[in-house]
Amino acid sequence: MALIVEGRLIGLVSLLIIAGSIIYYMQRAYAGQLPKLRRLAAVNQIDEILGRCVEMGRPAYYLMDTVNMDTPSVLAPTVAAFQILAYTARSAARLGAKFFVPVVQGLAYTISTEIVDEAYRAENKSDELKLEEAVMYLPDGADRMYIINHMWSDGMAGAFFIGSWYHKAVIFTENAARVGAMMLGGTDTTHNIPFIVAICDYSIIGEELYALGAYVSEDPTVSSSLAGQDVGKFIALILIILGSILLTLGISIKGLLSM
Amino acid sequence: MDSFLLGLIAGSFVSIGAYSVLIGDNPLSKFTENLYMGILGGFIFATNWNYVRTNAFNPVFQGNFVYIVAIILCVLLFSRLKTEWLWLSRYPVAVTVGAGLGLAIRTTIIADFLGQISATVLPLTSLDNLLMVIGTVTAAAYFIFTAQMEGPYKYVNKTGRVFLLAAFGVTYGQTVSFRFELVIGRLVDMLRPEVAIYTYVMLLLVALGLGYGYYTKKIKWYSGR
Amino acid sequence: MSLMDKMLALDQRIIFALLFLALAFPILNPVILPMDIQKYSRDSFEFADSIPAGSVVLIEGGLGAATYPQGGPGLEVQIVHLLQKDVKLVFFSISTEMAQWTVTAINNALDNLPSGVAAENGVNWVHLGYVPGGESGVAALANDIRSVKTEDHFGTPIDQIPIMANINKASDFAACFWWGGSEGSIPYGVRQIVTPFGIPMTGMCTTNEVPNYTPYINSGQMIGIIGGVRGSAEYEYLMGMPGLALGQAMATNFGGLLWGILVVLGNILYFIARREEGAD
Amino acid sequence: MSDRLIKMQIPIILTAIIGLLMIIEFFFPMPATITNLNITLRSFVTIISAAALILGTIVLTIYHGKKVGTKGSEWYYSIVYILAFAITAGLGVINVRDTTFLWIYNNMTSPIGAALYSLTAFYITSAAYRVLRARNWEGAILLVSALIVLLMLIPIGAILFPPVVPIGTWIRNIPSGAGFRGMIIGTSLGIMGLGVRVFLGRQKEHLGIREERRGSE
């Protein structure tokens, strides 16, 4: 019996290197050595949007679209969206913005309830929260009409489109824009990202979604892990450039990559 | 009237209700919203109840007692009904998130990370290949968080953004033509010769009703930005 | 507010109404604009056109509720096309639902058939119905039809069907048409009929699946492919038989043109407005 | 057992153990016990999701019920919801293959679903008029590539302007392909980073836990 499943050796090695460097940078941060990270403007934009909602006395919507937690490719952006929700809900509680989180899947609904409840509790504003109105389960599909109708009748002033976005991206963002809301959008799905980028006032794309999740934890040792992710990017860049030069000279590394 | 034709007519009516949301919040769209939510909610309730019954309860009755764990995890979820017990739902969540993240990591490393690298290793003998390598490298480098926006990295970041925006533009254009086909498919069904008359009558009634409502200001007209 | 600003902030409901009209109009009155025929569709059509009269071809009907609106019109026209050329057709499907939809296609095609064209069940065409077993079922069918099917879709024993008298293997057919829809079953045909028996094959799939099958086309294992509703529309166009697919393709045209015009208009207005601002 | 242990630490450790099980199974040949355990765990996940959806519909129905009971704002719409829910759920629970149940699904739910899905066409067009403007070089790139690709895809495009087909195909394959490749590489690293942070228990927002910050940036 082989020690490692065939064709997955390089995968395992790269996983170990990347995970190792992430842990390494987090450990270093514990010891006080923080990597110099670029600021993500989105962190401030969250508060800006919520502030606008408070000023206008209108609600902010936090939408996550597809949250099927039994689908791995959807789960990862959804978990990132929860991390950002935790920050946003707490900011909303602190600033006193009306906050609405419709969720289309049961498990994600339970989690969101707990996050929002916890956020208001942490800010000692539990009495301002009507949980069953702030976090609502809507059957997937029926949420489209509910949210459009309520966007118009509530006149919402701020919206967050964060998570794994599919066709609803353009429906909700365009309606929100027409209602006059200020929007922050972020997703890692390739098919509907253009609408998020083109329509939202602020947008975060691809890996930035996960990075924002780490930034808003406001724990420098957590955001230090981004430096570890960068190691993975450098590996990718070196492999592509070196591999292409070698291939031009007639040496192929593709066999090596699929070992 | 057979149930097939009746189905087409019902489908046409509810579609008009659904399209009415384009005007903005109004009584017809509210009615359709609640009708749809009710039907869909009932449908989700029934099918999932059936799923849990056949996949969790039946195995237990057949002597496969491992599934009692699954049933317990399901019951823990219902702690949502009392806020103080909410933390109990952390157990089913832990199982789901653990399994899902594990699966996501193991597929992404081979299919996305190594797969895309391997596909981008190209002989630099044509302009297309050169552009492909430059585009992929700069677009990936766009996401480097430890680099500040200064010096040569600024140009790498800008170039990466160009390629990303081109990709988004292409997807925008591609999606448009496909989405038209969706409306067309619906319209074809609503305007079938045997259904068209009902569609027109319904449309007329809706137009009269909403028109009256907006004219007398009984229904609020929202003006878009 | 100047006219320019009003135009720039056009109410979205006007755009919606325009789009509704642009999409519904071509469905109600099929206006045929000239269209560019994609190479794969033309290859597929010309292949069907080149089949000699009197030969027998095999057709897999893999269209279902979701894919029939796209491929159905094309399949119907192809049946008319082949019957007109006095080609004999043998249908089968690899799922029960699809077998039923194939009957729908045959019936619709027979309704549209010009008078005088022979289209007798059992003589000019036969529907073998559902062949179970996925790819291995196709393999069995290709090697010995009577080992998988003893009667056709309507229950007639195969040995009583005139068209089937000399037919029992894939090699007895002149060509194969694989209307795979979104079944993903086209590779079955390539692996079990084209490769072992050398029967030329073409087919149809949904638009998004076309790239999956281009390798087969490039290697010559398939002769062109009909892709989605546009492929069906092109078949109708080449046959000169405008139908539902062409109407839908024209509606896409009108919608696309409206979209393009709006975007260009938006930009022109934007630049004029910016100029005026600059002049102030 | 301390409160903190059962409320927080065990769920975190459980997440990590299950996640690592899935990863290890993929890379190393495993005895059948482990593979079977993983298969069972994955079936648990689907059962949990199904149960969660049941919970969701119950909570929603209670919400509407309360609204009717207290005559809250626009309570009459809630009656529509409750009636529709009761009829569909009732028929479906008795028999999921009931013909009326399926008729409702095929002729009411799917047309509304299809119509709502097709709303995207309208919003895409209205958004395009509003935002696809060459305000700066970024907008210009988005605008030009979208227009060319759309023209390439509609049947009349190649008649009006023949070069769109080669240009469009090129944009779709080269610059766009490269852009998405770079993005996918980044995303895959983001997922790995997320996984490490969650498995180590450094981020636990998904469990509804948010600890006080350790220090400020």
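Colleague: Why is Lys254(A) called exposed?

Modeller: Lys254(A) has 12 other C-beta atoms within 10 Å, so it is exposed. This is a predicted model, in which local features need pLDDT of at least 70 and side-chain atom pairs count only at pLDDT 80 or more, while totals for chains, interfaces and linings use all residues. Residues are numbered from 1 along each chain as its sequence is written, and chains are lettered from A and ligands numbered from 1 in the order in which they are written.

Colleague: Where is Lys254(A) found, and with which residues is it in contact, leaving aside neighbours within four places in sequence?

Modeller: Lys254(A) is found in helix H12 of chain A, residues 254-257; helices are DSSP runs of H or I with at least four residues, strands are runs of E with at least two, and both are numbered from the N terminus. Apart from those neighbours, Lys254(A) is in contact with Ser118(B) and Val121(B), contact being C-beta atoms, placed from the backbone, within 7 Å. The C-alpha atoms of Lys254(A) and Gly243(A), eleven residues apart along the chain, are separated by 8.1 Å.

Colleague: What makes chain B more spread out than a compact globule?

Modeller: Chain B has seven helices and zero strands. Its radius of gyration is 27 Å, well over the 17 Å that the globule rule gives for 225 residues, so chain B is more spread out than a compact globule. The radius is taken over C-alpha atoms, and the rule is 2.2 Å times the number of residues to the power 0.38. The C-alpha atoms of chain B fill a box of roughly 65 × 55 × 40 Å along the principal axes, and 49% of its residues count as buried.

Colleague: How do you know that the span of H3(D) agrees with its number of residues?

Modeller: The expected span is 1.5 Å times one less than the number of residues. The 20 residues of H3(D) should therefore span 28 Å, and the end C-alpha atoms are 29 Å apart, which agrees. The buried residues of H3(D), among them Tyr77(D), Tyr81(D) and Phe85(D), pack against H2 of chain B together with H2 and H4 of chain D.

Colleague: How do H2(B) and H2(D) cross, and what is the handedness of the crossing?

Modeller: The axes of H2(B), residues 27-61, and H2(D), residues 32-70, come within 9 Å and cross at roughly 145 degrees. Axes are lines fitted to C-alpha atoms, for helices over the stretch in contact, and angles run from 0 to 180 degrees between N-to-C directions. The crossing is left-handed, a term for a near helix turned anticlockwise from the far one by less than a right angle. By class, this contact has twelve nonpolar, six polar and no charged residues; Ala, Val, Leu, Ile, Met, Phe, Trp, Tyr, Cys and Pro count as nonpolar, Asp, Glu, Lys and Arg as charged, and the others, Gly among them, as polar.

Colleague: How many residues does the contact take from chain D and from chain B?

Modeller: The contact takes 99 residues from chain D and 97 residues from chain B. H4(D) provides the largest share of the chain D side, 19 residues. That side divides into 69 nonpolar, 25 polar and five charged residues.

Key
Two residues are in contact if their C-beta atoms, placed from the backbone, lie within 7 Å. A residue is buried if 20 or more other C-beta atoms lie within 10 Å of its own, exposed if 12 or fewer, and partly exposed in between; C-beta atoms are placed from the backbone.
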